[in-house]
Amino acid sequence: MKIAHVLSLIMLLLLGLLAFIVFQRFQGDAEVGKRLAENNCGVCHDMTPNRKNGKGPYLWEIYKRPAGVVDFHFSASFRQLVEEHPFLWDDDHLDRWLLNPQAFIPKTKMAQQSKDHPVSFDGMESAGNRKDLITYLKRLQ
Ligand code: HEC
């Protein structure tokens, strides 16, 4: 085999490996996402088919669900935004929401502490973590 052939074979293998790594990153890691969800969301959200509301609405079948449609007492600011601009919880909206709920919907209850529930969620800075989390949320169905 000529050296050029060997080199192009190695290049091809490396390209394949690179494509695989990029694909993996693009996919997100649902197992990491599950742990992130348990640690960051479970205190307020039910993520099981039981569909029980907690401090926040249940998240079963959240992916591509229209925002604000479940039987839950949403904040006035949340209801107003959804009435004016209805949307589905797709990758883009979830990513913006999880980066900074307060920037997405000022005064949202998700980012507020209250006397009966002194926990709030201010956002998740790591884009990689948000991707893993969203990959997991897609599985809640
Ligand atoms: C401190 C409690 C709390 C935590 C922690 C929390 N949330 Fe929320 N979440 C809420 C509340 C409350 C609402 C309703 C917002 C409103 O009415 O303004 C909400 C709303 C939502 C919605 C909109 C649901 C719908 O039906 O439109 C999504 C999606 C969501 N949260 C995802 C998450 C995810 C994912 C996490 C974890 C990273 C998380 N939340 C962490 C309390 C919380």
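**Core.** I started with the largest nonpolar core, which has twelve residues: Leu36, Ala37, Cys41, Tyr58, Leu59, Leu94, Trp97, Leu98, Leu133, Ile134, Tyr136 and Leu137. By nonpolar core I mean a set of buried Ala, Val, Leu, Ile, Met, Phe, Trp, Tyr and Cys residues joined through C-beta atoms within 7 Å. Buried means 20 or more other C-beta atoms within 10 Å of the residue's own, exposed means 12 or fewer, and partly exposed is in between, with C-beta atoms placed from the backbone. I then looked up which elements give two or more residues to this core, and found helix H2 (30-40), helix H4 (91-99) and helix H6 (127-137). H6 has the largest share, four residues. Helices here are DSSP runs of H or I with at least four residues, strands are runs of E with at least two, and both are numbered from the N terminus.

**Ground rules.** This is a predicted model, so I kept in mind that local features need pLDDT of at least 70, that side-chain atom pairs count only at pLDDT 80 or more, and that totals for chains, interfaces and linings use all residues. Residues are numbered from 1 along each chain as its sequence is written.

**H2.** Which residues of H2 are buried? I get Gly33, Leu36 and Ala37. Looking down the H2 axis, I see these buried residues within an arc of 100 degrees (taken over the directions from the helix axis to the C-beta atoms), so they line one face of the helix. That reminded me that an α-helix has 3.6 residues a turn, so residues three or four places apart point the same way. On the face of H2 turned away from the buried side I noted the exposed residues Glu31, Glu38 and Asn39. H6 is among what covers the buried residues of H2.

**Whole chain.** I count six helices and zero strands, in the order α-α-α-α-α-α along the sequence. The radius of gyration, over C-alpha atoms, is 20 Å, well over the 14 Å from the globule rule (2.2 Å times the number of residues to the power 0.38) for 141 residues, so the chain is more spread out than a compact globule. The C-alpha trace spans about 75 × 30 × 25 Å along its principal axes. Of the 141 residues, 21% count as buried. I also checked contacts, meaning C-beta atoms, placed from the backbone, within 7 Å. Among contacts between residues at least 6 apart in sequence, 55% join residues at least 24 apart.

**Ligand.** I listed 27 residues around the ligand, and the closest are Cys41, Cys44, Gly56, Ser75 and Met110. My cut-off was a C-beta atom, placed from the backbone, within 6 Å of the molecule. This shell divides into 18 nonpolar, seven polar and two charged residues.

**Positive phi.** Most residues other than glycine have a negative phi, and I looked up two exceptions. Arg51 has a positive phi of about 50 degrees, and Glu61 has one of about 60 degrees. Arg51 is in the loop between H2 and helix H3 (76-84), and Glu61 lies in the loop between H2 and H3 too. Arg51 counts as partly exposed, with 13 C-beta neighbours inside 10 Å. Glu61 is partly exposed, with 14 other C-beta atoms within 10 Å.

Methods:
Nonpolar A, V, L, I, M, F, W, Y, C, P; charged D, E, K, R; others polar. Contact = placed C-beta atoms within 7 Å.
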